[in-house]
Amino acid sequence: MGTAISLDLADDLPAAELAELAGDVFAWLREVDARFSTYRADSEVCRFDRGELPLSAAGADLRHVLARCADLWGATDGFFDAYATGRLDPSGYVKGWAAQVASDRLLAAGAANHCLNAGGDVRARGHSSSGRPWRIGVRHPWDPMSTCLVLAGTDLAVATSGVYERGHHVRDPRRGAPAVGLRSVTVVGPDLGLADAYATAAMAMGAAGIGWLDKLPGHQHAVITDDARCLHSTALPLTPP
């Protein structure tokens, strides 16, 4: 996925069981990377994009991702567009979805207390090893060694889209140019795949994304603008740094 991924398992389980659970998570994420990478010529995504893999022969996961991307295109008035760059790139949904699936599998396996961080997209459940709710820092968009906000909770899906790592890589599909106006968008909700896609869509909208996020049901958000204003939902689960 071209990013760092970390996993914190906080349940008091035998070391061998924890190692197996962690191994399963990373095996799944490596599988997703192999199948959905836009940089690997032999991935399912690239083969489908080139017309070499018909939809009828695609795996169930690829069909699911394509359907969700189509739904999100409609739900965001076209601002979440897996074809915004001119070729298929569902990465704005895939990373969050893959981490959400991994978290769901951990929960089903009895690991109710865990935190999975996939390049800043975080799925946290239960409590940390200290017995307290998980604390999730949102990176400061101009200072990589600092946080601008800290969230806390026992069931959080937190996705952040920003321009501080890869520049203005999110495109405004209507202008056909990189989106401007927002430096960082964080979305909090019950599902990491959706939160990831909504954060990407809001970035693509630019300043108009703030009002769109305000009306998004079941989700909270924090936005840092290009001129360094910080705006957030009143219900955002903030905690002191």
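The model is a predicted one.

**Surroundings of Asp226**
- A polar atom of the Asp226 side chain lies 2.8 Å from the backbone nitrogen of Gly181, and a polar atom of that side chain lies 3.4 Å from the backbone nitrogen of Arg183.
- Although Asp226 and Pro141 are 85 residues apart in sequence, their C-alpha atoms are 9.5 Å apart in space.

**Nonpolar cores**
- The largest nonpolar core has 54 residues, and those with the most contacts inside it are Trp28, Phe36, Leu62, Tyr93, Trp97 and Val185.
- Helix H5 (residues 192-205) gives the most to this core, contributing 11 residues.
- When neighbours within four places in sequence are left aside, Leu62 is in contact with Arg35, Phe36, Glu44, Val45, Phe48 and Leu53.

**Packing of H1 and H3**
- Helix H1 (residues 15-36) packs with helix H3 (residues 60-75) at an angle of about 70 degrees, their axes being 11 Å apart, which means that H1 is roughly perpendicular to H3.
- Trp28, Arg35 and Phe36 in H1 meet Asp61, Leu62 and Val65 in H3, and the residues of this contact divide into four nonpolar, no polar and two charged.

Notes
Residues numbered from 1 in each chain as written. Predicted model: local features only at pLDDT ≥ 70, side-chain atom pairs only at ≥ 80, totals over all residues. Heavy atoms only, no water. Core = buried A, V, L, I, M, F, W, Y, C linked by side-chain atoms within 4.5 Å. Buried < 20%, exposed > 50% of the residue type's maximum accessible area, 1.4 Å probe, protein only. Helix = DSSP H or I, 4+ residues; strand = E, 2+ residues; numbered from the N terminus. Contact = heavy atoms within 4.5 Å. Axes fitted to C-alpha atoms, helices over the stretch in contact; angles between N-to-C directions. Parallel < 35°, antiparallel > 145°, perpendicular 65-115°, else oblique. Nonpolar A, V, L, I, M, F, W, Y, C, P; charged D, E, K, R; others polar. Polar contact = N/O pair within 3.5 Å; in protein donor to acceptor, adjacent residues only side chain to side chain.
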